[in-house]
Amino acid sequence: MKRIVNILVPAVLAGCVKIGYNEPISGPLAQINVSINESDFQYSHNVPVYRHTDACDTPANSLIGLINSMTVGIPEVDTVSFNVQASTKFSFSVQGLVRQTPGFGPNSISYKTLYCRNIIDIEPLEGRTYSIELSHKDGNCDVLVMRDGSPVPLLGSEVSIRQGCELPFLTMVVP
């Protein structure tokens, strides 16, 4: 009897994670706080926040942090906070597991997984604090962006949202 299991390739779920983003400590800065609406997601642990230098190549991008980390060496926080250079475009993504549905075949088990993954492009204003929350409502991935407690229009000159890329999956066959 064979079992087929789909596993997300990024090492985040495997527990071998290294934070690769070096945030600036001087110059004109802005702060970004990233969270998820936990009630919208089936599994809300180890939610990765990546800096994007290439929109679709996760290994080329650096991990900023994990929301609700269950990984050794990374603190468990419900919000990932980091500094960026102000007045400079910065791209990052947050990815939440919406639903994982098992499928059973005569000789296999597989999982169909739905993720929300948006890429946020931001050119933050100096000295400001931005709060970004990922949610999932009515089949759509939504992002709420606040600047100093006030909503920021999406697709403006300051913030824009792109749909994430297909996530690579690896299929393992277990005898």
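## Overall picture

Of the contacts in the protein chain with a separation of 6 or more, 68% are between residues 24 or more positions apart. Keep in mind as you look around that this is a predicted model. The secondary structure amounts to 12 strands and zero helices, so the order of elements from the N terminus is simply β-β-β-β-β-β-β-β-β-β-β-β.

The protein chain has 175 residues, and 39% of them are buried. Its accessible surface is about 9,600 Å², with carbon and sulfur atoms providing 52% of that area.

What is the mean pLDDT of the protein chain? The value is 75, with 71% of the residues at 70 or more. Among the elements, strand 5 (residues 80-85) has the highest mean pLDDT, 95, while strand 1 (residues 3-8) has the lowest, 36.

Two stretches deserve a careful eye. Over residues 1-17, pLDDT stays under 50, and the model has 59 contacts beyond four places in sequence for this stretch. Residues 167-175 also stay under 50 in pLDDT, and here the model has 32 contacts beyond four places in sequence.

## The nonpolar core

Moving inside, the largest nonpolar core holds 27 residues. Those with the most contacts inside this core are Ile-32, Val-49, Phe-82, Phe-92 and Val-94. Which elements give two or more residues to this core? They are strand 2 (29-36), strand 3 (47-51), strand 4 (62-67), strand 5, strand 6 (90-104), strand 7, strand 8 and strand 9.

His-52 lies in the loop between strand 3 and strand 4. Is His-52 buried or exposed? Its relative accessible area is 7%, so His-52 is buried. The side chain of His-52 has a polar contact of 2.7 Å with the side chain of Ser-93. Beyond its neighbours within four places in sequence, His-52 touches Asn-61, Ser-91, Phe-92, Ser-93, Arg-117 and Ile-119. One of these, Phe-92, is also among the residues with the most contacts inside the largest nonpolar core.

Asn-46 sits in the loop between strand 2 and strand 3. With a relative accessibility of 9%, Asn-46 counts as buried. The side chains of Asn-46 and Thr-71 are joined by a polar contact of 3.2 Å.

## Two salt bridges

How many salt bridges does a search of the whole structure find? There are two. In one of them, the side chains of Asp-148 and Arg-128 meet at 3.3 Å, N to O. This pair links distant parts of the chain, 20 residues apart: Asp-148 belongs to the loop between strand 9 (140-147) and strand 10 (150-151), and Arg-128 to the loop between strand 7 (109-122) and strand 8 (129-137). Asp-148 counts as partly exposed at 42% relative accessibility, and Arg-128 is likewise partly exposed at 33%.

A salt bridge also connects Arg-147 and Glu-158, whose closest N and O atoms are 2.4 Å apart. Because Arg-147 lies in strand 9 and Glu-158 in the loop between strand 10 and strand 11 (159-163), the pair ties together parts that are 11 residues apart in sequence. Arg-147 is partly exposed, with 22% relative accessibility, whereas Glu-158 is buried at 15%. The cut-off for buried is under 20% relative accessible area, which is why Arg-147 at 22% counts as partly exposed and Glu-158 at 15% as buried.

## Loop details and backbone angles

Besides its salt bridge with Arg-128, Asp-148 has a positive phi, near 50°. Gly-149 is found in this loop too, and is exposed with a relative accessible area of 58%. The C-alpha atom of Gly-149 is 8.0 Å from that of Tyr-130, a residue 19 places away along the chain.

Which value does phi take at Ser-87? It is near 60°, again a positive value in a residue other than glycine. For context, most residues other than glycine have a negative phi. Ser-87 is placed in the loop between strand 5 and strand 6, and its relative accessible area of 53% makes it exposed. Asp-148, by contrast, counts as partly exposed at 42%.

Key. Residues are numbered from 1 along each chain as its sequence is written. This is a predicted model: local features need pLDDT of at least 70, side-chain atom pairs count only at pLDDT 80 or more; totals for chains, interfaces and linings use all residues. Side-chain values use heavy atoms; hydrogens and water are left out. pLDDT is the predictor's confidence in each residue, from 0 to 100. Helices (H or I, at least four residues) and strands (E, at least two) are DSSP runs, numbered from the N terminus. Contact means heavy atoms within 4.5 Å. Buried means under 20% relative accessible area, exposed over 50%, partly exposed in between (1.4 Å probe, protein chains only). Accessible areas come from the Shrake-Rupley method with a 1.4 Å probe; for residues, only the protein chains shown count as cover. A salt bridge is a side-chain nitrogen of Lys or Arg within 4 Å of a carboxyl oxygen of Asp or Glu. A nonpolar core is a set of buried Ala, Val, Leu, Ile, Met, Phe, Trp, Tyr and Cys residues joined through side-chain atoms within 4.5 Å. A polar contact is a pair of N or O atoms within 3.5 Å; within protein, one must be able to donate a hydrogen and the other to accept it, and residues adjacent in sequence count only if both atoms are side-chain atoms.
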